[in-house]
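Hi everyone, thanks for coming. Please have a look at the model on the screen, and then I'll walk you through a few parts of it.

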Amino acid sequence: MTILIGFVPTAAGEAALAAGLSEAVRSGEDVVILNSPRRGATVDADLIGEDVAEDLLARASAQGVVARVDHAEHGSDIVDTFEALVDRTNARLVVLGLRRRSPVGKLVLGSDAQRLLLELEVPVLAVKPAP
Amino acid sequence: MSERDERPAPARRSDILAELEAETAREREEHRPPAGGPAYQVASTLVALAVGVTGAVLAYGYGLGTLRRPGAGLWPFVIAVVVVILSLLLLVLGRHLDDSEKFTRSSLLVLVGLVTFVGLGVLLPVIGFEIPALLLCVIWLRFLGGETWRSTIVISLVTVTAFYLLFLVGLRIPLPHLF
Amino acid sequence: MDISAFLDGFAVVTEPQNLFYCLLGVLIGMLIGVLPGLGPAATMAILLPIVYTVDPVSAVIMLAGIYYGAQYGGTITSVLLQLPGEASSVVTVFDGFALAKQGKAGTALGIAAIGSFVGATISIVGLTLLAPLVASWALDFGPPEYAALALLGVLLVATIGSGHTVKALIAATIGLLFATVGRDSFTNASRFTFDSLQLADGLDFVVVAMGLFGVGEILYNLEARYGKAHVPAKVANVWPSRKDMKQSSGAIGRGSLIGFFLGVLPGGGAVMASLAAYATEKRIAKEPERFGRGAIEGVAAPETANNAAATSSFIPLLTLGIPANASMAMLFAALLVLGVSPGPQLVEENPELFWGVINSMYIGNILLLILSIPLVGLFVRILRVRPAILAPITALITILGVYTINNSTFDIFVMIAFGVIGYLMKKTGFEPGPMVLAFVLGAILEDSVRRSLLIFDGDPTGFFTRPISGTILALFVLVVLFPIVGAIRTRRSARTATTDHSDREDSPR
């Protein structure tokens with residue numbers, strides 16, 4: 001069994017990583033860090049580079065957790081990508097970071113986190129960044 | 001000794017070219033459908049040939065006149081004959097070129113795009129530009145671009161409104177419009 | 001050179017409206033250079049309808065700005081993302097991205113901006129001095145000279161330019177054929193109009209250009225499978241060190257010259273110049289192994305050369321009325337729409353336009369030098385927008401734009417038809433560039449040839465007996481024979497090389 005952490009280089013993503021790692025330490029499971037770029041754009045602000053990825057892996061192994069980084073792309077529906085990876089890695093838990101969105105923001109821009117919370121079949125641990 | 005001196009200079013130029021060609025080929029592989037085969041080369045050359053022949057025949061009909069007093073058809077006739085000659089040359093030489101691209105499933109996207117263009121052209125004078133433009137945006141974003149419905153609707157509305165403001169209010173260019 | 005006209009040109013450029021359009025043009029140009037998909041020629045085609053609504057000088061200044069601005073923009077993605085934004089920035093990827101990986105992205109961008117500015121400015125100075133001279137020399141040209149020159153230009157673009165030569169020639173000649181549609185001015189007969197009233201006046205340059213380049217490119221891009229997302233390199237210090245500048249000064253100087261000369265050549269241009277400059281630097285470098293690993297000259301040389309070439313490619317258009325490449329063909333079309341006939345008489349008859357455009361390039365390049373670095377962050381963020389979102393916007397600009405020319409839906413359909421032609425051409429390896437170039441030149445070329453025949457009283461050898469047109473046609477024949485001779489020689493040397501090789505294999509170690 002593994003724990004799947006959805007990571008983006010923001011405070012919410014950091015919070016998710018921290019929570020996911022401590023959960024993995026507690027249960028002795030492996031971690032898969034999913035940093036998924038959107039298909040199509042040349043640059044994706046959420047995508048992390050090699051150096052950042054290595055840093056994350058170093059942090060994980062410092063806590064004694066076996067981790068790997070996955071960069072599976074997603075199309076218009078991120079839920080599909082998460083579900084596929086959950087199946088492939090036999091994940092029993094998904095950890096996500098939540099960011100504050102106003103109702104208008106949610107209406108216009110949508111909320112990936114909300115859809116993942118509602119549609120994923122495995123339990124989801126939703127973490128908020130420290131204020 | 002002299003041979004070895006001669007070899008490096010053109011080799012260096014050709015290795016930059018080779019690097020570049022490899023680079024562009026890699027890009028092409030990533031982004032474009034695979035290369036088409038000889039059928040594509042032959043078919044396209046035949047089309048060019050047909051254009052040339054048709055042009056020559058029609059031009060002949062406009063009257064060639066003489067060099068001293070050229071008729072309306074002389075220049076197009078000469079040009080069309082050159083097209084025919086070059087096309088025949090290409091038929092012989094060009095069968096194994098690799099600069100064509102296959103038609104794949106993504107070519108259907110192009111067909112849909114084309115239909116929306118024609119549709120906009122047809123509907124524009126009838127119901128103004130807003131609705132056909134909106135439809136075009138929706139089709140391109142949702143079906144050709146794989147965007148979510150939310151994203152599609154928001155972007156389409158913003159785009160059409162922006163065009164409305166830009167053309168009709170800002171630049172005051174008359175476009176047929178409904179609202 | 002007429003100094004007062006030159007100075008008056010600056011007065012024209014510094015009018016607020018022209019400054020605005022200059023700024024707009026270079027910004028759009030940089031944006032196009034950064035974004036994948038559309039190139040400067042396609043963008044100029046799509047924005048041609050602007051020429052109908054805006055003051056002529058402003059319109060041309062803006063279109064020109066798009067062209068040389070794109071040379072600045074293409075560098076950004078080459079250095080930061082290892083992706084060339086424009087074909088003329090492909091060579092910059094090698095050393096530019098290597099520098100970025102070493103944390104010196106800012107240095108690479110900085111030296112590219114400086115080199116671009118120096119190259120462009122040297123080229124503009126050359127243009128300023130040379131253009132009036134060439135124009136006055138060419139005033140003596142008669143129809144035969146002009147015809148020979150136009151033919152040579154089309155041939156060079158087809159031969160030297162990208163794409164298979166025979167295919168480019170076929171595209172060009174079919175373009176000439178399209179130019180004959182409509183009423184023949186000499187005999188008043190209608191050609192290829194198929195009884196259509198709208199075709200009686202011929203095919204509109206702007207509509208055809210928008211179709212072949214604009215719609216064609218848009219349709220072609222619909223099939224692109226976009227590659228993986230890239231993480232842009234961070235830009236830290238921007239100002240290159242004194243050592244870097246010293247090291248690149250030679251490259252910049254040489255790049256400017258190479259760019260200037262290759263840009264004037266029809267079919268040459270920015271891409272070839274960047275290649276040649278890079279190859280030259282690598283060949284004369286004391287340590288050529290540095291190239292490809294972050295040699296600063298490997299960025300300075302091509303970036304200088306491509307800007308120099310982009311600028312000098314204006315010379316054939318402004319002095320002889322021959323567009324050197326597809327983007328210049330767009331400017332040519334714009335000038336025709338404005339009722340200005342490009343040619344040697346342009347400097348005399350329209351000094352405001354002539355000097356206005358040339359002097360706008362000085363200002364435009366200064367603007368680009370100032371803006372290109374601060375805007376890097378903005379452009380990288382713009383690259384986050386998915387191409388799927390930009391596509392319908394571009395499509396709408398094109399269709400609505402072409403409609404505004406004549407309020408005619410027939411134009412929309414002609415544009416779509418040429419768009420399909422352009423798309424099919426790109427799919428099958430025929431470059432639309434030579435077709436547009438030849439189409440735009442076609443009417444004038446035919447006119448010159450027929451007038452020449454009148455002068456020679458029907459005797460075509462007259463082309464060869466006149467000294468200037470004879471020389472040009474001799475060059476024409478040389479250009480045609482050169483690749484054929486080259487092909488025979490390489491085949492012969494390949495045969496001797498294999499025999500050498502087999503000899504060496506047999507000889508004992």
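In chain C, the axes of helix H2 (residues 16-34) and helix H17 (residues 351-372) come within 9 Å and cross at roughly 55°. Helices here are DSSP runs of H or I with at least four residues, strands are E runs of at least two, and both are numbered from the N terminus. Axes are lines fitted to C-alpha atoms, for helices over the stretch in contact, with angles from 0 to 180 degrees between N-to-C directions. H2(C) is therefore oblique to H17(C); under 35 degrees would be roughly parallel, over 145 roughly antiparallel, 65 to 115 roughly perpendicular, and the rest is oblique.

Who makes the contact? H2(C) brings residues including C:Leu23 and C:Val26, and H17(C) brings, among others, C:Ile363 and C:Leu367. Contact means C-beta atoms, placed from the backbone, within 7 Å.

A word on the source: this is a predicted model, where local features need pLDDT of at least 70 and side-chain atom pairs 80 or more, while totals for chains, interfaces and linings use all residues. Residues are numbered from 1 along each chain as its sequence is written, and chains are lettered from A and ligands numbered from 1 in written order.

Now chain A, which has 5 helices and 5 strands. From the N terminus, their order is β-α-β-α-β-α-β-α-α-β. Its C-alpha trace spans about 40 × 35 × 30 Å along the principal axes. Among chain A contacts with a separation of 6 or more, 76% join residues 24 or more positions apart.

Notes
Two residues are in contact if their C-beta atoms, placed from the backbone, lie within 7 Å.
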